[in-house]
Amino acid sequence: NHDMDCSQEREADSSAKSCRFSHDDSSAWLRHLAERGYVVVQDAVPPVDVERALDLIWRDLEGGHGLRRSDPSTWPRGGLQNTGIVASLAQTAGPWHIRGCEGVQRAFAAIWDVRSEDLITSMDAVLVWTPWWRKPDNERIGLNAEYGGWARPSTEGLHLDQNPFDKPDLDCIQGMVPLLPVTPEVGGLEVVPFSHTPDAKERLKKDFPVLQRLGDWCPIGSRGSHTAGAFLIEANPGDLILWDARTIHGGRVGPGLPWGNDSSFTPPTQLARISVTVSMTPRSKASEKVQKRRRKGFQAGRAFNHCPHEAGTSSGTIHATREEGYHKFELSKKQSMVL
């Protein structure tokens, strides 16, 4: 069962909070994904694995960036980009723990109608936002001064990761697993329902002919009817958010959480957002050359992009390698299977 009636009229999508389906109800969530261009598969990653992934990511944030999990005053000084995209974490134990989770692999196997062992995974990034909010009156006194001044995340805006001119057909289903709650206050991924359809793409090509000269990274912005109805996909830790790469999507930053007055002030106890991006496609879509590059890239600690069978060659790829302070690790059998 899912949390809302997903058979309601199209215009209801603009205000929809989420559309989460049971993992086992694959026929329903696959239909929703195909028709609307996005879906949430609930509890794809069990709580024990969410906590394990968080611990592993924090271990490398501490080792590679100088953050201390128990000391929020260190969080703004970790050298993380304002976008929150930490591509240097791509080849570390935390995101690989998510890639090896059975529920994630089973979902992508259902999408492509293959066995889990026939998949390869993306190796792109972890999204990390510090809690940027502060007191409504912006006063920085006492303890607040220690935590004030964090920059609000800046996102890439609404965009496509698959060029409608060069790649009009289904090529990749993108995904991410939030490890912290995705709420309107914090923000997360927003999508434009039905923007992946052939009719929507024809209208987009007519209005944005400049996209023909671009690669797969296609910024759309928030202009006009093409982004009407964009809404935030709310999700719980361990949910698998999926969207067609032809769907217009992007990051949405919420207003933040209220700090309250000085007498009730308590420093933040966790980061605002930690999400692991993960996509999987059939190994048969990747050439031998690409598979070789993937293996070499893993050994070198190099980040790729969202499309597993392209080995990070499309526009929009953030090129990064593991930081010196990141911990070494060995892939498990389940993880090695999708390398």
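Modeller: Cys 172 is in none, and the nearest cysteine sulfur, that of Cys 307, is 4.5 Å away. Cys 307 is in no disulfide either. Keep in mind that this is a predicted model, where local features need pLDDT of at least 70 and side-chain atom pairs count only at pLDDT 80 or more, while totals for chains, interfaces and linings use all residues. Residues are numbered from 1 along each chain as its sequence is written, and side-chain values use heavy atoms, with hydrogens and water left out.

Next term: buried means under 20% relative accessible area, exposed over 50%, and partly exposed in between (1.4 Å probe, protein chains only). Cys 172 is buried, at 1%, and Cys 307 is buried too, at 2%.

Helices (H or I, at least four residues) and strands (E, at least two) are DSSP runs, numbered from the N terminus. Helix 1 spans residues 26-36, and its buried residues are Ala 28, Trp 29, His 32, Leu 33 and Arg 36. They sit on the same side of the helix because they cover an arc of only 130 degrees around the axis, taken from the directions from the helix axis to the C-beta atoms. An α-helix has 3.6 residues a turn, so residues three or four places apart point the same way. Over on the other side of helix 1, Ser 27 and Ala 34 are exposed. What covers the buried residues includes strand 1 (20-22), strand 2 (38-42) and helix 4 (102-112). Just after helix 1, Gly 37 takes a positive phi of about 90 degrees.

Key. Disulfide = S-S within 2.5 Å. Contact = heavy atoms within 4.5 Å.
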